[in-house]
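I opened the model and went through it one stop at a time. My notes follow in the order I took them.

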Amino acid sequence: MQVINKTDIPEILTVKIEKLSNLGLGIAKVGGFVIFVSGACPNDTVKIKITKKNKNYANAEIIEIIEPSPDRIEPFCKMQKVCGACQIQYIEYNAQLKYKKQIVEDTMRNIFGEEVEVRNVIPSPNTMEYRHKIQYPIGQTKDSKRILAGYYKSGSHDLVNIKYCPIQPEYCDKIIDFIRVTAQELKITGYSEKDGLGELRHVVIRTSYDSKKSLVVLVVNNSSLSKNIKQLGEKIYNNLDNIQGVAVNYNNKKTNLILGDKTDITFGEGYIEEKLCDKMFKVGAKTFFQVNPPSADNIFRYVKDYIKNNFDKPTILDAYAGITAFGICLSDTASKVVSIEEVKESVELAESIINENKINNIELHQGDTGKFLSNETLLGRQFHVTILDPPRKGCTPNSLDYALKLTKGKIIYVSCNPATLARDLKYLKEHGAKVEYIQPFDMFPHTYHIENVAIIDLHSVQLPEQKLPY
Ligand SMILES: C[S@@+](CC[C@H](N)C(=O)[O-])C[C@H]1O[C@@H](n2cnc3c(N)ncnc32)[C@H](O)[C@@H]1O
């Protein structure tokens with residue numbers, strides 16, 4: 001295809017959208033030059049206006065939909081266009097799944113460098129009210145001092161005051177509304193990112209899918225508990241139904257991180273209880289836990305079935321373990337589980353869950369995965385299966401090297417970011433591993449996000465003989 005110069009692209013033009021990018025933007029090509037169109041659906045014919053031209057690509061917005069794609073629907077939320085949360089809500093749900101599969105395939109082709117078998121996406125059991133963790137930034141209007149709570153407009157830090165969000169449990173809207181009104185009555189100020197002033201910075205709510213109870217975390221721009229915030233917490237705890245606890249987290253740094261280091265449990269419990277694979281988990285303010293519990297349950301059961309069908313009482317390494325959700329779900333299938341997680345609160349919660357469930361074959365470790373795997377604690381050990389479930393940035397080469405050394409059967413890599421997954425799979429492949437296939441799961445309907453489980457076989461990796469310790 002002839003690649004044309006960016007200066008040849010007119011400001012306004014009509015294009016047909018070919019596919020979806022990994023950020024949920026429509027991709028059109030004009031003579032080989034790529035244009036990313038926001039709000040577009042594959043097979044739309046749209047008149048667009050170029051908003052930014054770069055060396056190899058341009059960004060554009062839609063001026064007019066000339067012929068809509070058969071997959072285009074009316075978004076169910078009035079705020080879809082202004083709120084940055086549900087980028088692709090205007091695409092019919094089954095078509096979203098089809099395009100998410102295409103995103104994973106394209107990412108593998110571009111970064112991993114080869115075709116990989118990508119299976120059909122397993123849908124989310126719920127496509128509405130599925131998000132069980134919400135994190136609203138708090139602001140305040142200049143003149144009327146009204147407290148604002150919501151999400152940022154796509155690509156900006158302009159706060160959209162959200163009264164109703166159909167992808168999270170309806171009761172969260174009630175909690176947020178109560179906080180808006182009560183905080184104002186108590187003369188609590190909303191945070192301003194510009195000047196770093198204002199007391200209430202964020203409200204984080206975790207709601208249990210199982211018990212329907214919520215933990216409310218008030219994130220404050222302070223280092224100790226003020227009288228007004230304490231009163232706000234007390235009112236939330238005493239006046240609203242189904243509040244398991246209220247916690248206050250202190251974050252007075254100029255940072256994009258939502259939570260600071262210190263959290264006080266001010267009323268009730270500091271966690272909610274959630275069920276996965278018929279086991280009960282405790283989830284605290286800083287604990288990582290999947291936001292869509294029924295979809296997470298699908299992933300955990302899938303991994304468990306895969307291991308059951310391929311191994312007999314294996315030894316399992318659960319790395320980037322969080323509250324050791326995989327390890328705990330797999331404990332009755334395994335002879336031994338060793339887990340590693342860096343957040344202390346998660347390891348402590350894992351310990352109490354293990355004790356309450358009377359599980360006695362899990363060894364918990366707190367620390368950095370790379371350091372732990374290279375530590376002599378593991379000298380001479382080998383695992384039949386290693387589960388890697390890192391954050392979005394993926395694994396370090398050091399963690400991958402040691403995962404290869406310590407595993408004799410399969411690595412199961414669970415990832416929320418196709419790009420870093422593809423990079424890490426490439427590294428594993430270059431070191432002798434074979435990627436068998438990728439099973440995507442939809443954890444975040446109406447967004448471009450996609451969770452993947454990659455099955456990696458290590459039988460052709462050459463390892464020095466090691467003695468099994470178990
Ligand atoms: C995507 S979460 C997965 C958690 C768990 N497997 C689950 O499904 O609930 C990634 C976890 O890795 C932890 N983490 C991030 N970097 C780490 C590191 N270098 N070493 C150990 N744990 C780390 C995070 O605290 C988080 O709990």
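I started with helix α8, residues 397-406. I found Ser-399, Leu-400, Tyr-402, Ala-403 and Leu-406 buried there. Next I looked up what they pack against. The buried residues of α8 meet β16 (315-319), α7 (369-374), β19 (383-388), β20 (407-415) and α9 (418-430). I keep in mind that this is a predicted model.

Then I turned to the ligand. I listed 18 residues around the ligand, with Phe-288, Tyr-320, Gly-322, Glu-342 and Asp-389 coming nearest. Two elements, α5 (325-330) and β17 (336-341), each give two or more residues to this shell. I sorted the shell by type: 10 residues are nonpolar, four polar and four charged.

I followed Ser-346 next. I placed Ser-346 in helix α6, residues 344-356. Is Ser-346 buried or exposed? I count 25 other C-beta atoms within 10 Å, and 20 or more make a residue buried, so Ser-346 is buried. Leaving out residues up to four places away in sequence, I see Ser-346 touch Thr-287, Phe-288, Gly-322, Ile-323 and Glu-341.

Last, I traced an open sheet of six strands. I read its order as β1-β5-β6-β4-β3-β2, with mixed pairing. Inside the order I looked at β3 (26-30) and β4 (33-38), which run antiparallel and share five bridges. For Val-30, I noted Phe-33 as the bridge partner in β4.

Methods
Residues are numbered from 1 along each chain as its sequence is written. This is a predicted model: local features need pLDDT of at least 70, side-chain atom pairs count only at pLDDT 80 or more; totals for chains, interfaces and linings use all residues. A residue is near a molecule or strand if its C-beta atom, placed from the backbone, lies within 6 Å of it. Helices (H or I, at least four residues) and strands (E, at least two) are DSSP runs, numbered from the N terminus. Ala, Val, Leu, Ile, Met, Phe, Trp, Tyr, Cys and Pro count as nonpolar, Asp, Glu, Lys and Arg as charged, and the others, Gly among them, as polar. A residue is buried if 20 or more other C-beta atoms lie within 10 Å of its own, exposed if 12 or fewer, and partly exposed in between; C-beta atoms are placed from the backbone. Two residues are in contact if their C-beta atoms, placed from the backbone, lie within 7 Å. Two strands pair if DSSP finds at least two bridges between them.
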